[in-house]
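This report describes selected side-chain contacts and surface features of one protein model. Please consult the sequence and the structure shown below while reading.

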Amino acid sequence: MENKGGFHNAGKRTHPIGSLGSISPSSYGSVKNLCSAKFGSKHFFHLIPHETTICSLLLCNRSDTAWDELKLTCQTALHVLQLTIKEPWVLLGGGCTETHLAAYIRHKTHNEPESILKDNGCTQMELQLIAEAFCSALESLAGSLEHDGGEILTDMKYGHFWSIQADSLSVVNWPDLLSQCGCGLYSSQEELSWSFLRSTHHPFAPQTCLPHEAVGSASSLTVDCLTAKLSGLQVAVETANLILDLSYVIEDKN
């Protein structure tokens, strides 16, 4: 929400802000207790604060278009928060889940196609084509996170997302340019090798075990809501299937 603008109101103090990251956590208050409440047929959790201070956020912008965008952003953030509270599961964000999943699918279909084909009515060649199309779509989704004209790399150990500036492509020593992967879980100081996204390389099995220190550093990681991400993937797959079905109908009629 950078550069969008707003006012943070805590009690009688009002501060203009450009990002929610600039607000002290103490401004949100803390919960002293909670109880259940029933109104009609609906059940609610009543959060009881320590103080009676009310904190509110007033959205404003000189441009109506930017204001609408800001409102939509806040509504989406609140919706994702509600989904996360309902189902408290998250995925590694910053494009790392997409690139990791693409690496895993390529490895699985290349090295263990029989375990997939035994329950499906397609050939191994068709499986490879389907898997590559799906993996390319995942990598395109991850690639959309790069907005500054840079290049995207993936490491050959974890299959995570890494970004570098476009004017740094001539530098051979990648660790000097890379600091952390997209989600912030891994550092370039590890013994890693990298490859450009969508470049040709032999399929590998990305490691999936999270390091012990990741539990303690979870607050500094970039994560995505599992429910929202899964719903988006399901909608994308169903839309693709619908398009394919429609194309078959058109081909049959012509």
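## Salt bridges

Six salt bridges are present in the structure, a salt bridge being a side-chain nitrogen of Lys or Arg within 4 Å of a carboxyl oxygen of Asp or Glu. The model is a predicted one, in which local features need pLDDT of at least 70 and side-chain atom pairs count only at pLDDT 80 or more, while totals for chains, interfaces and linings use all residues. Residues are numbered from 1 along each chain as its sequence is written, and side-chain values use heavy atoms, with hydrogens and water left out.

One of the bridges joins arginine 106 to glutamate 139, at 2.7 Å from N to O. Arginine 106 belongs to helix H2 and glutamate 139 to helix H4 (residues 124–143), so this pair ties together parts that are 33 residues apart in sequence; helices (H or I, at least four residues) and strands (E, at least two) are DSSP runs, numbered from the N terminus. Arginine 106 is buried, with a relative accessible area of 18%, and glutamate 139 is buried at 7%. Buried means under 20% relative accessible area, exposed over 50%, and partly exposed in between (1.4 Å probe, protein chains only).

Aspartate 224 and lysine 229 form another salt bridge, their closest N and O atoms being 3.2 Å apart. Together with Glu98, these residues are linked in a network of salt bridges.

## Lysine 71

Lysine 71 forms a salt bridge with aspartate 68, with 3.6 Å between the closest N and O atoms. Both residues lie in helix H1 (residues 64–86), three residues apart, a separation of about one helical turn. Lysine 71 is partly exposed at 29% relative accessibility, as is aspartate 68 at 42%.

## Aromatic pairs

There are three aromatic pairs in the structure. Rings of Phe, Tyr and Trp (its six-membered ring) pair if their centres lie within 6.5 Å; planes under 30 degrees apart count as stacked, over 60 as edge-to-face and the rest as tilted.

Tyrosine 158 and tyrosine 186 are stacked, with 3.6 Å between centres and 5° between planes. Both tyrosine 158 and tyrosine 186 are buried. The ring centres of tryptophan 162 and tryptophan 194 are 5.5 Å apart and their planes stand at 80°, so this pair is edge-to-face. Tryptophan 162 is in strand E8 and tryptophan 194 in strand E9, so the pair ties together parts 32 residues apart in sequence. Tryptophan 162 and tryptophan 194 are also buried.
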